[in-house]
Structures are given as C-alpha cells and as structure tokens.
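Thanks for coming, everyone. Let me put it on the screen.

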Amino acid sequence: MGTFTPVQHEEVQRTSLPVQTNQLDRDLESLHNTFLEFMGAERGISDLTLYGYSTDFVRFVTFLRERAEPLELRSFTAEVIRDHQLALSRHVTSRGGGLRRLSPITIKRHLASLSSFGEWLVMSKHLQVNPVKNPIRPERRGTNWSTCRAAPRS
C-alpha cells in the first residue's frame with residue numbers, strides 16, 4: 001500500500017482535506033455505498049443511473065488499487081482524479097469486436113459520476129470542496145492528455 005504524500009499545490013491540497021476523522025468516514029467504498037443509498041432514496045435516481053455510478057466507481061477503485069493508493073477519503077483528490085482521467089483516456093477496450101479507446105463521452109460520464117460523489121461528500125461534510133469540480137473535459141479524440149491542465153476556477 002502506498003504512503004500518503006500531500007499535494008504540493010496549495011489549492012489542490014485544500015480541496016482534498018477531509019472534515020471528519022472517524023475511520024468509517026474515510027473508507028471510500030463505505031462512503032460510496034451511502035452515496036448510492038442517498039441518491040436512490042432521497043433523490044429518486046433511476047436504477048440505471050445508480051448502476052452507472054456504481055460501475056464508474058468500481059473502475060476508479062481498480063485504478064486506486066493498481067496505484068497502491070489507500071481506499072480512503074484522502075485518495076479522493078484533484079491530482080488522483082486527473083491521473084485517473086488520463087488513465088481512462090489511454091484505456092483500450094475490446095468491446096464491439098475490435099480494440100478501441102474509451103470515447104470522450106464515456107470519459108465525461110465517468111467524471112460526472114465522480115463529480116456527483118464529490119458533491120455529496122461536500123454536502124455531507126466529508127470534504128470541504130469537491131476535488132472533481134474543474135476536471136479537464138475531453139472534447140475530441142486525439143487530445144494530448146500529457147499537456148492538459150485543469151480548467152481555471154471561475
């Protein structure tokens with residue numbers, strides 16, 4: 001398991017500070033399950049949307065495990081989200097009978113799912129600021145992700 005290293009950029013570091021310190025409150029999988037329950041019961045989100053949120057989160061957890069990141073709230077940072085987005089843009093799938101990359105629309109959906117989770121984390125006082133608030137938005141195929149920077153805050 002990797003060790004936690006604070007992000008150097010002050011603004012990004014501020015966005016990733018957990019408000020609560022209880023161990024259960026820091027477990028990403030438990031928090032995401034609570035998020036799904038909230039979205040289903042309180043917001044009336046459809047089962048299909050909940051399924052999408054769940055599968056997108058599983059892909060994010062897989063990414064964290066591949067990097068040996070802890071499955072804790074402290075791993076839900078803007079820097080990790082950006083790295084996950086870069087990994088998604090490089091991911092090759094065999095769906096549809098041939099090899100191809102994930103489409104920009106699929107990547108946007110992943111980011112939207114994580115952003116909704118981030119908004120809930122802020123609303124429920126687990127985070128101070130949503131770290132997915134200003135991701136790089138893929139617009140077309142062929143984007144050189146290694147040179148992209150996060151969108152400026154408005």
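Let's start with the core. This is a predicted model, and its largest nonpolar core has 28 residues. The residues with the most contacts inside that core are Leu28, Phe60, Phe76, Phe117 and Leu121. Which elements build it? Those giving two or more residues are α3 (28-41), α4, α5 and α6. The largest share comes from α4, with seven residues.

Take Leu28 as a way in. Setting aside residues up to four places away in sequence, Leu28 touches Phe57, Phe60, Leu64, Leu71, Glu72, Leu73, Phe76 and Phe117.

Now α4 itself. Helix α4 covers residues 47-66. Its buried residues are Leu50, Gly52, Tyr53, Asp56, Phe57, Phe60, Val61, Phe63 and Leu64. What do they pack against? The answer is α3, α5 and α6. A quick check on geometry. With 20 residues at 1.5 Å a residue, α4 should span 28 Å, and its end C-alpha atoms are 28 Å apart, so the two agree. After α4 comes Ala68, with a positive phi near 60°.

You will have noticed an Asp among those buried residues of α4. Which residue pairs with Asp56? Arg109 does, through a salt bridge whose closest N and O atoms are 2.6 Å apart. This pair links distant parts of the chain. Arg109 sits in helix α6 (residues 104-123), Asp56 in helix α4, and they are 53 residues apart. Asp56 has 1% relative accessibility, so it counts as buried. Arg109 is partly exposed, with a relative accessible area of 41%.

How many salt bridges does the structure hold? Six. Let me move to Arg67. One of its salt bridges is with Asp83, and there the closest N and O atoms are 2.7 Å apart. Arg67 lies in the loop between α4 and α5 (78-90), while Asp83 is in helix α5, so this pair ties together parts that are 16 residues apart in sequence. Arg67 also forms a salt bridge with Glu69, at 2.9 Å between the closest N and O atoms. Salt bridges with shared partners join Arg67, Glu69, Arg82 and Asp83 into one network. Is Arg67 buried or partly exposed? At 32% relative accessibility, it counts as partly exposed.

A word on Glu69. Glu69 is placed in the loop between α4 and α5. Leaving out neighbours within four places in sequence, Glu69 is in contact with Leu64, Ser75 and Val80. Glu69 and Val80 are 11 residues apart in sequence, and their C-alpha atoms are 9.4 Å apart in space.

Last, confidence. The protein averages a pLDDT of 76, and 69% of the residues score at least 70. Among the elements, which has the highest mean pLDDT, and which the lowest? The highest is α4, at 94, and the lowest is helix α1 (residues 10-15), at 32. Over residues 1-24 the pLDDT is below 50, and that stretch has 39 contacts in the model beyond near neighbours in sequence.

Technical notes. Residues are numbered from 1 along each chain as its sequence is written. This is a predicted model: local features need pLDDT of at least 70, side-chain atom pairs count only at pLDDT 80 or more; totals for chains, interfaces and linings use all residues. Side-chain values use heavy atoms; hydrogens and water are left out. A salt bridge is a side-chain nitrogen of Lys or Arg within 4 Å of a carboxyl oxygen of Asp or Glu. Helices (H or I, at least four residues) and strands (E, at least two) are DSSP runs, numbered from the N terminus. Buried means under 20% relative accessible area, exposed over 50%, partly exposed in between (1.4 Å probe, protein chains only). pLDDT is the predictor's confidence in each residue, from 0 to 100. Contact means heavy atoms within 4.5 Å. A nonpolar core is a set of buried Ala, Val, Leu, Ile, Met, Phe, Trp, Tyr and Cys residues joined through side-chain atoms within 4.5 Å. The expected span of a helix is 1.5 Å times one less than its number of residues.
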